[in-house]
Structures are given as C-alpha cells and as structure tokens.
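Thanks for coming. I will walk through one model today; please keep the picture in view.

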Amino acid sequence: MGSRKVILSFDLTEFDSGEHLSKADAELLAAARKATQYSYAPYSKFNVGAAALLSDGRIVTGTNQENASFPAGICAERVLMAAVISQYHPHHILAMAISYKPEQAASDHPISPCGVCRQVLSEYETRFGSFKMILSGLEGKVIVLDKATNLLPLAFGAKELL
Ligand code: THU
C-alpha cells in the first residue's frame with residue numbers, strides 16, 4: 001500500500017454545569033473564575049483566569065497581562081506555568097482550570113488555550129507530567145480533559161532538537 005490513514009482522537013467529559021464536578025475540581029474552577037478579577041486586559045477586555053492544583057495541595061492562580069505593545073501581552077496559562085515552576089518547585093501541576101470574564105459578552109461556554117499556550121503546556125507536561133484540564137466560563141458547560149497535550153497532536157518538542 002505504502003500509505004495508511006491515521007486517526008488521532010481523544011476523550012473528554014462534558015458536564016452541564018460546575019455543580020456536577022467533584023469537590024476538588026469545583027474548588028479549582030471557582031479559583032479560576034475568581035482570578036479573572038486580577039487580569040489586566042484593557043485592550044481586549046477579555047479577562048482570563050487560570051488556577052492550578054499543585055502536588056502539595058496548594059492552589060495557585062494566573063491571569064492574562066496585556067501591554068500597550070500588544071505582542072508583549074501574555075496569556076493566563078503561561079503566567080501560571082511560569083509562576084509554578086519559578087516559585088513552587090519541586091511541586092508540579094496536577095490539574096488546571098481556565099475561565100474568563102469578557103467585559104461585554106456572556107461567559108457561558110468553555111474556552112480552550114490558544115496555540116502558543118498549547119505548545120507551552122505540551123512542554124510543561126513533557127517535563128513535569130501530564131495534568132487534567134477543566135475549561136468553563138463563569139457559568140454553563142464544563143469540559144474536562146485528561147491532559148493538555150491532547151490539544152496539540154503531533155506537537156513539536158525538544159526531542160527534535162537533540
Ligand atoms: N488569553 C488567555 O489568557 N488565555 C487563553 O486561553 C486565550 C486568550 C488572553 C490573551 C489576551 O490577553 C486575551 O485573552 C484576548 O485574546
């Protein structure tokens with residue numbers, strides 16, 4: 001044949017609302033929702049909050065921080081990963097929740113990480129182990145993924161540079 005079709009797939013779980021989550025996941029999502037208040041997003045007016053459950057049981061949060069020089073802005077997920085690695089080593093992320101609060105629109109469905117964050121999440125998981133992701137707005141449906149790397153099939157990684 002010389003060629004083959006390859007199907008890449010992964011499972012996720014959808015919940016109708018945060019009320020159906022385990023206590024630990026609900027607590028982490030609540031922390032991500034609350035963290036949106038510390039976002040600095042005067043340009044997009046799209047406030048994102050991320051919260052991580054660490055291996056010592058602590059919950060740490062991050063938010064998007066924009067800048068008048070637009071490309072200098074950084075997403076909540078990358079702020080959070082950098083903070084965890086820098087401040088909480090050797091503890092690592094067991095689960096991450098992401099929520100958002102737009103100034104003008106509803107926050108009633110899950111958003112998932114941008115492409116750049118997927119790349120950084122993928123390398124984080126390679127370095128420190130994979131973790132669950134909980135995605136939701138301030139209300140409504142919640143999506144739970146087993147690992148962030150599922151969001152970036154065929155990822156480019158450090159192994160190519162060795
Ligand atoms: N943003 C995040 O912080 N995380 C995401 O998952 C999606 C996008 C930020 C980047 C920018 O500050 C604003 O949301 C609008 O794109």
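This is a predicted model: local features need pLDDT of at least 70, side-chain atom pairs count only at pLDDT 80 or more; totals for chains, interfaces and linings use all residues.

Residues are numbered from 1 along each chain as its sequence is written, and side-chain values use heavy atoms, with hydrogens and water left out.

The largest nonpolar core has 25 residues, and Ile 98 and Met 96 are among those that touch the most other members. Such a core is a set of buried Ala, Val, Leu, Ile, Met, Phe, Trp, Tyr and Cys residues joined through side-chain atoms within 4.5 Å; buried means under 20% relative accessible area, exposed over 50%, partly exposed in between, with a 1.4 Å probe and protein chains only. Helix H2 gives the largest share, five residues. Helices are DSSP runs of H or I, at least four residues, and strands are E runs of at least two, numbered from the N terminus.

Which residues does Glu 77 touch, beyond four places in sequence? They are Ala 50, Met 96, Ile 98, Pro 113 and Cys 117, contact being heavy atoms within 4.5 Å. Glu 77 sits in H2, residues 76–88, and counts as buried because its relative accessible area is 5%. Ile 98 also has Leu 29, Val 48 and Met 133 among its contacts.

Lastly, Val 6 lies in the segment before strand E1 (12–15) and is exposed, at 59% relative accessibility.
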